[in-house]
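Colleague: Could you take me closely through one part of this model, the sheet and the helices that lie across it?

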Amino acid sequence: MRVLLLIKRFQYGGAENHVSELANALADAGHSVWIMSMTGQQQVRLHPEVQHIAVNFSDMKIPIHLYQLIKLIKAEKIEVIHAHQRLPILLGTMAARWMKIPVVATIHGSVLTDLRSDYARRNIDKAIAVRESCFSCIAHFLRSQKKVVLIPNGVQLPAACVDRFVDPESFSLYYISRMDRHHTRLLSMILTEVWPRLLEKHPRSHLHVVGDGCCMPCITKILVQPNFSSLRRSVHFEGYAREVGDHYPDADLVMGVGRVAIESLVNGVPLLSVKHNHLGPIVTVRNLKRMQYANFVDLEVSAPDAHTLLARLNLFLEHRIFYENEAKILQQIVSQEYNLSNVAERIMEVYRKVTDPQGFQNLEGL
């Protein structure tokens with residue numbers, strides 16, 4: 001099949017990583033794949049057979065982008081468009097209707113944002129919800145549950161199951177994220193209010209920060225302050241990581257949600273659900289289904305504060321063996337549900353249904 005993937009940005013992020021890895025999986029399966037997006041760090045991760053077209057997407061250039069899309073669809077005989085993020089979803093539906101081909105949209109972020117356009121809502125052939133919490137909202141916007149399918153973002157499983165070495169005398173905490181305004185505000189609180197108190201009780205602890213972004217200078221300013229001098233050796237800024245998976249074997253606990261949460265669990269690393277506006281629990285077998293509902297964001301709780309976050313970290317360290325054993329069980333469960341190969345095949349099934357709906361109805365009736 002000949003597939004065009006549309007996404008605005010192509011740096012590190014949940015949607016961006018998903019698109020690059022989905023493109024690679026489709027190419028590995030023998031499909032022809034094009035990606036149209038801004039330039040970004042994800043480009044170097046693409047399969048050699050995936051063709052990337054650099055476009056500086058802008059609302060002011062919609063007529064130009066539409067012309068570029070129609071020209072590409074005609075030249076390459078594209079069979080289906082799969083759009084991600086608000087503007088590409090709008091452009092994808094416009095081009096698809098013009099060229100009389102189907103369009104699929106994956107909603108990664110806010111439904112209100114990604115499906116803002118009434119034209120896009122009326123013309124999407126199929127929408128993919130990546131988390132159960134937004135399924136009903138998408139169905140409401142599209143006025144049809146039949147148009148929505150739940151398929152979580154897949155991740156590449158570790159090449160081999162490696163037993164992680166756990167030193168009971170030390171503790172490596174990882175914060176993995178793009179450094180935007182919300183994340184740097186949370187990380188600032190961790191560095192100034194949580195980390196000094198944790199080190200008092202657990203002096204052989206290390207905090208690793210993986211990621212980069214426009215707000216990173218706000219974090220580095222904290223490290224040069226005189227009152228932080230005694231803590232500098234315990235904080236390590238790893239910067240942008242082309243392959244984040246390389247860091248998980250060294251982590252004792254990861255803080256995060258979404259893609260980071262899934263990657264941590266498939267690598268057998270305990271996870272603490274933390275977002276700038278929600279502080280959840282350490283994920284266990286017992287609370288897994290509840291945490292999966294909103295992609296490992298705990299919607300039932302409020303924003304993290306220093307006292308509660310410190311209590312969560314101390315809880316982990318006091319019951320470390322229990323959480324390590326839970327992580328091993330969770331690894332088996334999550335690896336089956338989020339296996340990229342399985343997810344890519346489910347998405348291919350969506351493509352087949354929208355490109356040949358009558359044929360699929362005939363097959364289902366057999």
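Modeller: Two strands are taken to pair if DSSP finds at least two bridges between them, and both helices (H or I, at least four residues) and strands (E, at least two) are DSSP runs, numbered from the N terminus. This is a predicted model, in which local features need pLDDT of at least 70, side-chain atom pairs count only at pLDDT 80 or more, and totals for chains, interfaces and linings use all residues. Residues are numbered from 1 along each chain as its sequence is written, and side-chain values use heavy atoms, with hydrogens and water left out.

The sheet is open and mixed in its pairing, with six strands in the order β10-β9-β8-β11-β12-β13. Its edges are β10 (235–239) and β13 (278–282), each of which pairs on one side only, and the twist from one strand to the next averages 20°.

Between β9 and β10 the chain passes through helix α8 (residues 216–223) in a right-handed β-α-β crossover; right-handed here means that, with the strands pointing away from the viewer, the path from the first strand over the helix to the second runs clockwise. Strands β11 (residues 253–256) and β12 (residues 271–275) are also parallel, over three bridges, and Gly-256 has Ser-273 of β12 as its bridge partner.

Helix α7 (residues 181–201) lies across β8 (171–176), β9 (205–210), β10, β11 and β12, at about 170° to β9, whereas helix α11 (residues 306–318) lies across β8, β11, β12 and β13, at about 10° to β13. Contact here means heavy atoms within 4.5 Å, while axes are lines fitted to C-alpha atoms, for helices over the stretch in contact, and angles run from 0 to 180 degrees between N-to-C directions.
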